[in-house]
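I opened this entry to record what I looked up, step by step.

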Amino acid sequence: MPRLAKAALFAAPILAASLGLPLAARAATPKPVYVHMNGANMFLENPVAVRPGQPVVFVNEDTGSHTIIGYSATTGKTSTRFDGAVAGTKGPGHKVHTYTITFAHQGIVHYYCSVHAVLAKEPGGRTVAKVRPGVHGFGDPMAGTIIVTTDPKLLADNPKTAAEKILPGYFGG
């Protein structure tokens, strides 16, 4: 083995140890957390908790299109980075459309579907998602929250469906 390759082989564990993390933890890519949408015009897994850098995959098991837009509850400003559109899925057995995002820093992230909800100021100045007048669903705004954390208790508290990309029998248009 060339000398440089040997040096790199021995440097990786030292670097990981110096960062205070086990090598396996640094090399492992965390599994995605899934948030599903269907004809009820809601995000099924809400809220969800993820580690910094862990993918959040929005899965559209609905024939209609949806948007996923991040916003600040404090200012009402929408995000230019957390702003995705997810095409509808034709039906069971067809390609399911998704939108994936990761967050580098811990915190609370709010999002909504601009097709099915609107942002409104509450008394006291906080911005929240409200049902868009004239849309169908269960009467809740199509909105959710992502908690970006390293807290193992919060991470373990995700709904079981957040570990599955496709939910059998959940498709609805």
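This is a predicted model: local features need pLDDT of at least 70, side-chain atom pairs count only at pLDDT 80 or more; totals for chains, interfaces and linings use all residues.

**Five-stranded sheet**

I began with the strand order and found an open sheet of five strands, β2-β10-β7-β4-β5, with mixed pairing. At its edges I noted β2 (48-50) and β5 (78-86), each of which pairs on one side only. From one strand to the next the twist averages 25°.

Strand β4, residues 66-71, is joined to β5 by five bridges, and the two run antiparallel. For a landmark I took T67, which stands opposite A85 in β5.

**Three-stranded sheet**

Next I looked up an open sheet of three strands, in the order β1-β3-β6, again listed with mixed pairing. Why is one side of β1 and of β6 left without a neighbour in the sheet? I wrote down that β1 (33-37) and β6 (97-101) stand at the edges with a single partner strand each, so one side of each has no neighbour there. Neighbouring strands in this sheet are turned by 20° against each other on average, direction ignored.

Here I checked the pair β1 and β3. Five bridges join β1 to β3 (residues 56-60), and these strands run parallel. Y34 stands opposite V57 in β3.

As a reminder to myself, strands of a sheet pair through backbone hydrogen bonds, either parallel or antiparallel.

**Hairpin of β8 and β9**

I moved on to β8 (residues 117-121) and β9 (residues 127-131), which run antiparallel and are joined by five bridges. A117 stands opposite V131 in β9. Between the strands of this hairpin I found five residues, and G124 takes a positive phi near 100°.

**Salt bridge**

How many salt bridges does the structure hold? I found one. It is formed by K130 with E122, and the closest N and O atoms are 2.7 Å apart.

K130 counts as partly exposed because its relative accessibility is 36%. E122, at 29%, therefore also counts as partly exposed.

**Largest pocket**

Last, I looked up the largest pocket, which holds about 240 Å³ of space. Its lining consists of 13 residues, and P32, V33, Q54, N158 and A163 lie nearest the centre. I sorted the lining residues into nine nonpolar, two polar and two charged.

How values were computed:
Residues are numbered from 1 along each chain as its sequence is written. Side-chain values use heavy atoms; hydrogens and water are left out. Two strands pair if DSSP finds at least two bridges between them. Helices (H or I, at least four residues) and strands (E, at least two) are DSSP runs, numbered from the N terminus. Axes are lines fitted to C-alpha atoms, for helices over the stretch in contact, and angles run from 0 to 180 degrees between N-to-C directions. On a 1 Å grid over the protein atoms alone, a cavity is a set of points where a 1.4 Å probe fits but cannot get out, and a pocket is an open set with protein on both sides within 12 Å along at least five of seven lines; lining residues have an atom within 4 Å of a point. Grid points are joined across faces, edges and corners, and a volume is the space filled by probe spheres set on the points. Ala, Val, Leu, Ile, Met, Phe, Trp, Tyr, Cys and Pro count as nonpolar, Asp, Glu, Lys and Arg as charged, and the others, Gly among them, as polar. A salt bridge is a side-chain nitrogen of Lys or Arg within 4 Å of a carboxyl oxygen of Asp or Glu. Buried means under 20% relative accessible area, exposed over 50%, partly exposed in between (1.4 Å probe, protein chains only).
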